[in-house]
Structures are given as structure tokens and as C-alpha cells.
Amino acid sequence: MAQFVKIGSRSELPPTGEAKEFMLGEKVLCVANVNGEFSAMDNVCLHRGGPLGQGVIEGDKIICPWHGWQFDAKSGAVSHNPEVRLKTHRLRVDGDEVWVEV
């Protein structure tokens, strides 16, 4: 059975076309807003550990601010090798609260 943990409030979510970091215990998540649709994934780039939540969004990709690696915001797949991907987390907004599945 899925367990959801609250990570913040609706007002803390990033605006359209941006990403933001959220704490989940000792872990940091990247929450992205692509055209009004929110997604959550691990925040650490697979290349050199860059903070994806500090990156930019181009189309449906999150671009790592350190070396430009691109990740699909929904699946976490690396653009140049779709078989390699970050762990994604189901996200839900319930009223004013934002929850992710752990």
C-alpha cells in the first residue's frame, strides 16, 4: 500500500516552467512544474550529483545546472539514454497540502 508524506503546501510549489527543491526527511526531491503539471523525482543528477531542483525547465525536460544533463520531468529518464533514469515519486496536491509517495 502506498504511503504518502507531506512535503509542503500548494503555495510553495514552483510556478509554471520552474523546478524547486523540497526536503523529504534527509533526502531532497526535485519538484517540477511543466505546463501546470507537477512531478517529483530524486534531486541528484546522475552525472556529477548536481541539484536538479536548481536547474531550468526546457519543454518537458529538467536541465541540470552543473553540466546540462537533461531529464524527462515525468519519467526521470536521461535524454541521451532513456534506459537510465532517476527515481520518480508520485505527487498529489490535496487542498493546500503537497504529498509524495515514499
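Is tryptophan 69 buried, partly exposed or exposed? Tryptophan 69 is partly exposed, because its relative accessible area is 23%, and buried means under 20%, exposed over 50%, partly exposed in between (1.4 Å probe, protein chains only). Phenylalanine 71, with a relative accessible area of 0%, is buried.

Before we go on, a quick word on what you're looking at. This is a predicted model, where local features need pLDDT of at least 70, side-chain atom pairs count only at pLDDT 80 or more, and totals for chains, interfaces and linings use all residues. Residues are numbered from 1 along each chain as its sequence is written, and side-chain values use heavy atoms, leaving out hydrogens and water.

Now, back to those two rings. Searching the whole structure turns up 1 aromatic pair. Tryptophan 69 and phenylalanine 71 make up this tilted pair, at 6.4 Å centre to centre with 40° between the planes. (Rings of Phe, Tyr and Trp, its six-membered ring, pair if their centres lie within 6.5 Å; planes under 30 degrees apart are stacked, over 60 edge-to-face and the rest tilted.)

Next, the sheet. Three strands line up as E1-E12-E11 in an open, antiparallel sheet. Strands are DSSP runs (E, at least two residues), numbered from the N terminus, and two of them pair if DSSP finds at least two bridges between them. E1 (4-9) and E11 (91-94) each have a single partner strand, so one side of each is left without a neighbour in the sheet. E11 is joined to E12 (residues 97-101) by 4 bridges; leucine 91, for instance, has valine 100 as its bridge partner in E12.
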